[in-house]
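Please open the model in your viewer and follow the stops below in order.

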Amino acid sequence: MTAVPVPADSAEASGRMTHREVVQALSGLMLGMFVSILASTVVANALPTIIAELGGSQSVYTWIVTTELLAMTATVPLWGKMADLYSKKLLIQLSLGLFVVGSLIAGLAPNVEILLVSRIAQGIGAGGMSALAMIVMAAMIPPRELGRYSGLFGAVFGVATIAGPLIGGVLVDTSWLGWRWCFLIGVPFSVAAILMLQKTLHLPVTRREVKIDWLGALLITAGVSTLLIWSTLAGPQHFAWISGTSAAFVAGGVVLLALAVWVESRAAEPIIPLGIFRHRTVSLTVIASVLVGVAMFGGTVFLSQYFQISLGKSPTVAGLMSLPMIFGLLVSSTVAGQLITKFGRWKIFLVAGAIVMTGGMLLLSTIGADTSVPLISVYMAVLGIGVGMLMQNLVLAAQNDVPAAELGATTSALTFFRSMGGSIGVSALGAVLAAKVTSLATEKFGAAASSGGTAKVPEPATLPPQVREIFEDIYGTATAHLFMVGAPIAFLAVIAVLFIKEKPLSTLTGDERAAQEQAAAMH
C-alpha cells in the first residue's frame, strides 16, 4: 500500500523542521538516550557494594552488566524494524516507559535474581532508545548537516557510558542514598524525556499495511543470546573454553543464526534486511562498530575495578579517574562532527579514530599497580579521543549510503552490532580477566586461594597489608593483560575503515529522500 503522510501540526505541514524545532526535539532525545545508556555503566563502581549486600560472586559481577547489554543488543533490530513501520515518537516513549519499569524493579530488588530480571527490562527499553534516537535524527536532519548534531549525540553516548561509574561511585559513597539509587536516579529523567518528546517531537506518521517477522526476531534474539551466554560462562568458573559444553553452545548459536538468515531472506518484512549488506560501506561499518563496542565497553567496565582494587581508590575517586576519557571523547566527537559539517569529508576521522583507539588500548596494556594516576589519565584520554572520532561517524557513513526506506534497519543494525560488541567485550574480556586473576592468585597463594572464579571480589580495606599488596599487583597485571588482548581486536577496526569508500554527504533529510525515492519509483 502506498505510504500516506499524515501531518501532525504546522511543523510537518511546512516540510523540514526548523533549527529551533530540531534542537528542542533533540533535547528530549538526548536526555532519554543519556539515562538509557547510563544504566549500562552506572553500576560499575557500585558492583562491589551491590554484590556484597546481595551475596553475589565474581561471575554475578559480570552478569549484572551483561544481562542489560544482552537484552539491549538482542532487541535493537526489532525496535529498528518497527521504526520503519510505526510511529517513531510512540516507540521512543514506549521504550522509555519500559526502562522506567525496569529501573524501579532494580532499585527495589531484594536479591540478585530479581535484580537480573530487572536488568533485562532495562535493557529492552535502552535498546529501543539507542536505535530510535539515531533513526529519528536521520528523519529530521540531512547527512550533510548531521555532523554537528551527531557529534553531540556521540558526546552524550560517550559521557553516559564513561560518567556512569563516577555517578555510581558518588551515590554509593553518599550514606543517605546508597547503591539502589544507581537505578532509581534515571526514573525522573526518563519521565521528563517522555514529556519533552510529547511536546517537541513532530514527525510525519506513515500508515501502511505491516507485517513483522516475529520468527526472524525470535531466532536472531535466541542465536545472539546463546553465543553471549557462552562467552560469559566459558572459563574456569563453569566449563572450559574447549569442551563439549562449549561446542554445544557455539553450535546451537550458529544453527539458530543460520536459520535466522534463511528466514530473513524469505520474509516480506525482515527484521534485518539482508540487502543492506550489499552496500560495502554498511558491511564495513558494521564490522567496525562491533570492534568499537569491544574496546569501549570491555575497557571501561573493568577499569573501575582496577582503580578500586589495584590502586585502592574509593568508588567516587574511581569515578573521577574516568574523567580524562570523558573529556577526550567529548572533545573529539564534537570537533569531528563540526569539521565534517564544515568540509563534508568524513573518512579521515574514521581512520584517525581507529588508529588512536588502538594506540590507547596498547598504552593501557602497560599499566600496573604502581602506574601513576597522571600517566593513566593520559592513556585513557587517548582511548576516549579515538572512540569519539569513530562511534557516531560510523553511523553517519552508513546512513548516507542507503536508501531512505532502509534508514531504520541500517541504523538499528549498527547499534545492534555495536551493543553486541560491547556484550562480547564485557563477557569475553571479563572471562580473560577472571582467568588471569585465578592463575596469578594460584601462583601466589596456592590452589586453595581460588575457587573456580566463584570467590567474592576482594575488598582491599579488609585484607592484611601484605595480602592487599599482592592482590593489588594481581589485578594490575590482569587488567593490563586484558588490554593487551583487546588491542589487536581494536586494530582490526583500522583495517575495516581503510576499505570504506568515501561518498559525498546528502543534503536531504530522511523524509525528503523517502519522498524523492517514492516519486522516482512512480515514474
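Colour the chain first by pLDDT, the predictor's confidence in each residue, which runs from 0 to 100. The chain averages a pLDDT of 78, and 83% of the residues score at least 70. Select residues 1-14, where the pLDDT is below 50 and the stretch has 24 contacts (heavy atoms within 4.5 Å) beyond near neighbours in sequence. Residues 451-455 also have a pLDDT below 50, with 11 such contacts in the model. Where pLDDT is low, the predicted coordinates should not be read in detail.

This is a predicted model, in which local features need pLDDT of at least 70 and side-chain atom pairs count only at pLDDT 80 or more, while totals for chains, interfaces and linings use all residues. Residues are numbered from 1 along each chain as its sequence is written, and side-chain values use heavy atoms, leaving out hydrogens and water.

Next, select helix α14 (residues 323-343) together with helix α16 (residues 373-399), whose axis comes within 7 Å of that of α14 and crosses it at roughly 35°. Helices here are DSSP runs of H or I with at least four residues, numbered from the N terminus, and axes are lines fitted to C-alpha atoms over the stretch in contact, with angles from 0 to 180 degrees between N-to-C directions. Show the side chains where the two helices meet: the α14 residues include G328, L329 and A336, and those of α16 include A381, G384 and G388.

Finally, select E502 and R345, which form a salt bridge (a side-chain nitrogen of Lys or Arg within 4 Å of a carboxyl oxygen of Asp or Glu) with the closest N and O atoms 3.3 Å apart. This pair links distant parts of the chain, 157 residues apart.
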